[in-house]
Amino acid sequence: HGGSKADWITDMLTIQLPRNFPNIKAFIWFSVNDFDVDWAVETSPAAQAAFAAGIASPYYATNRFADITTSPIPPLR
């Protein structure tokens, strides 16, 4: 509610996480409709484009974890 989801996503991925939480290199985006707020990325083409552009940054880890057979997941080095 209020503002642009695409702008919020861009700010989160390009400014807030790298500047304020530099150890976060990966995250999980949950897709839920909670209290009439639709958190899904697919709610608009602009939000999808902002997400795709943001996670394409080399700042974020690539998906090297899809085939992991160990637990817990080992930290990035």
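Reader: What covers the buried residues of H2 in this model?

Author: The cover over the buried residues of H2 includes H1. Please note that the model is predicted.

Reader: Which residues of H2 are buried?

Author: In H2, the buried residues are Ala47, Ala50, Phe51 and Gly54. Viewed down the axis of H2, these buried residues fall within an arc of 95°, so they line one face of the helix.

Reader: Why would residues three or four places apart point the same way?

Author: An α-helix has 3.6 residues a turn, so residues at that spacing point the same way.

Reader: And which residues are exposed on the other side of H2?

Author: Pro45 and Ala53 are exposed there.

Reader: Let us take Ala50. Why does it count as buried?

Author: Ala50 has a relative accessibility of 10%, and buried means under 20%, so Ala50 counts as buried. Its place is in helix H2.

Reader: Which residues does Ala50 touch, leaving aside those up to four places away in sequence?

Author: Ala50 touches Ala6, Ile9, Thr10 and Leu13.

Reader: How far apart are Ala50 and Ala6, in sequence and in space?

Author: Ala50 and Ala6 lie 44 residues apart in sequence, and their C-alpha atoms are 5.5 Å apart in space.

Reader: Turning to the core, which residues make up the largest nonpolar one?

Author: The largest nonpolar core has 10 residues: Ala6, Ile9, Met12, Leu13, Leu17, Val41, Ala47, Ala50, Phe51 and Tyr60. At least two residues of this core are supplied by each of helix H1 (5–20) and helix H2 (45–55).

Reader: Where does the largest share of this core come from?

Author: The largest share comes from H1, with 5 residues.

Reader: Val41 is also in that list. What does it touch, not counting residues up to four places away in sequence?

Author: Val41 touches Trp29, Ala47, Gln48 and Phe51.

Reader: Now the aromatics. How many aromatic pairs does the structure hold?

Author: There are 5 aromatic pairs in the structure. One of them joins Trp29 and Phe51 in an edge-to-face arrangement, at 5.4 Å centre to centre and with 70° between the planes. This pair links distant parts of the chain, 22 residues apart: Trp29 is in the loop between H1 and strand E1 (33–34), while Phe51 is in helix H2.

Reader: Is Trp29 buried, exposed or partly exposed, and what about Phe51?

Author: Trp29 counts as partly exposed, at 22% relative accessibility. Phe51 is buried, with a relative accessible area of 18%.

Reader: What can you say about Tyr59 and Tyr60?

Author: Tyr59 and Tyr60 also form an edge-to-face aromatic pair, at 4.8 Å centre to centre and with 90° between the planes. Tyr60 has 7% relative accessibility and counts as buried.

Reader: Which residues form the aromatic cluster?

Author: One aromatic cluster is formed by Trp8, Phe27, Trp29, Phe51, Tyr59 and Tyr60.

Reader: Finally, the chain overall. What is its secondary structure?

Author: The chain has 2 helices and 2 strands. From the N terminus on, these elements run α-β-β-α.

Reader: What share of the chain is buried, and what box do the C-alpha atoms fill?

Author: Buried residues make up 16% of the 77 residues in the chain. The C-alpha atoms fill a box of roughly 40 × 25 × 20 Å, taken along the principal axes.

Reader: How much of the contacts with a separation of 6 or more comes from residues 24 or more positions apart?

Author: Such residues account for 57% of those contacts in the chain.

How values were computed. Residues numbered from 1 in each chain as written. Predicted model: local features only at pLDDT ≥ 70, side-chain atom pairs only at ≥ 80, totals over all residues. Heavy atoms only, no water. Core = buried A, V, L, I, M, F, W, Y, C linked by side-chain atoms within 4.5 Å. Buried < 20%, exposed > 50% of the residue type's maximum accessible area, 1.4 Å probe, protein only. Helix = DSSP H or I, 4+ residues; strand = E, 2+ residues; numbered from the N terminus. Contact = heavy atoms within 4.5 Å. Arc of directions from axis to C-beta. Phe/Tyr/Trp six-rings, centres within 6.5 Å; stacked < 30°, edge-to-face > 60°.
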